[in-house]
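Here are a few quick notes to read alongside the structure. Keep it open and look up each point as you go.

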Amino acid sequence: VMMVTDVSGSMNATDVEPNRITAAVKSARRLTEELPKTFRLGLVTFSDFAEQRAAPSTDRAAVLGALDRLTAVGGTAMGLGLERGLEAAKQPVANADGTGTSRLPAVLVLLSDGKDTQGGIAPTEVAQRAREAGIPIFAIALGTPDGEVEVRDSFGLTTRIQVPPDTETLKEIAKISRGRFYEAADSAKLEEIYAGLGTRLSSKQVKEEVTVAFAGGALLLVLLGSGLSMAWFGRPI
């Protein structure tokens, strides 16, 4: 599981209490604690550039330490962040029996609160690459349409600008990669999403033997058919 987390300046907005970046860190810690200990977890952040803060590993201390050091500043290089996260997710891992390496199943958990502003590569292009690699992206839009952040210009004057999440792009990322899209307008909802992801990513499909049930059902239908034919025609058919 690679967390790809937005740490741009708009993450200082206070429409999500106490602010977006604090809520994001708290919820990411929740996911870190919810995942089974055998899962490899890593962290990539993006603002003006993308940076791998913790390589995928079963060592949770690296991720938790990186989360504690996050601050929000700069632009939004979402495409570059996704690209870095995808590269990490595709890295082969040594087999336990020493027979070589293999690529483990992986997902990206993307959290962002704004539009891609830095260029380099389009987020949707990375989503297509993720789809081809069989790596779904769970995309989370953090914040409200009315979210604002205070910025200072080159003359030292401050102004407030709106920083709504780019829900349409995040929806498209999830759709292209065959992942899932979520919206979080407050910290409680965000934590609920991350807790749910912990459960979702930990579960697995199990095949159950249903031959006996089908055989029993077939026998019941045969008996029912015989009973009706006796009632209607006086003999079984």
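**Notes on the model**

1. First, the overall layout: the protein chain has seven helices and ten strands. Of its 237 residues, 43% count as buried. If you take contacts between residues at least 6 apart in sequence, 72% of them join residues at least 24 apart.

2. Keep in mind that this is a predicted model. The mean pLDDT of the protein chain is 87, and 85% of the residues reach 70 or more. Go carefully at residues 228-233, though, where pLDDT stays under 50. Where pLDDT is low, the predicted coordinates should not be read in detail.

3. Now have a look at helix α1, residues 20-34. Its 15 residues, at 1.5 Å each, should span 21 Å, and the end C-alpha atoms are 21 Å apart, so the two agree.

4. What does α1 pack against? Its buried residues pack against several elements, including the strands β1 (2-6), β2 (41-46) and β6 (108-112), and the helix α6 (187-202). Among the buried residues of α1 are Ala24, Ser27, Ala28 and Leu31. An α-helix has 3.6 residues a turn, so residues three or four places apart point the same way.

5. Why does Ser27 count as buried? Its relative accessibility is 1%, and buried means under 20%. Leaving aside neighbours within four places in sequence, Ser27 is in contact with Ser187, Leu190, Glu191 and Tyr194. Ser27 and Glu191 are 164 residues apart along the chain, yet their C-alpha atoms are separated by 4.7 Å.

Methods:
Residues numbered from 1 in each chain as written. Predicted model: local features only at pLDDT ≥ 70, side-chain atom pairs only at ≥ 80, totals over all residues. Heavy atoms only, no water. pLDDT = per-residue confidence, 0-100. Contact = heavy atoms within 4.5 Å. Helix = DSSP H or I, 4+ residues; strand = E, 2+ residues; numbered from the N terminus. Expected span 1.5 Å × (residues − 1). Buried < 20%, exposed > 50% of the residue type's maximum accessible area, 1.4 Å probe, protein only.
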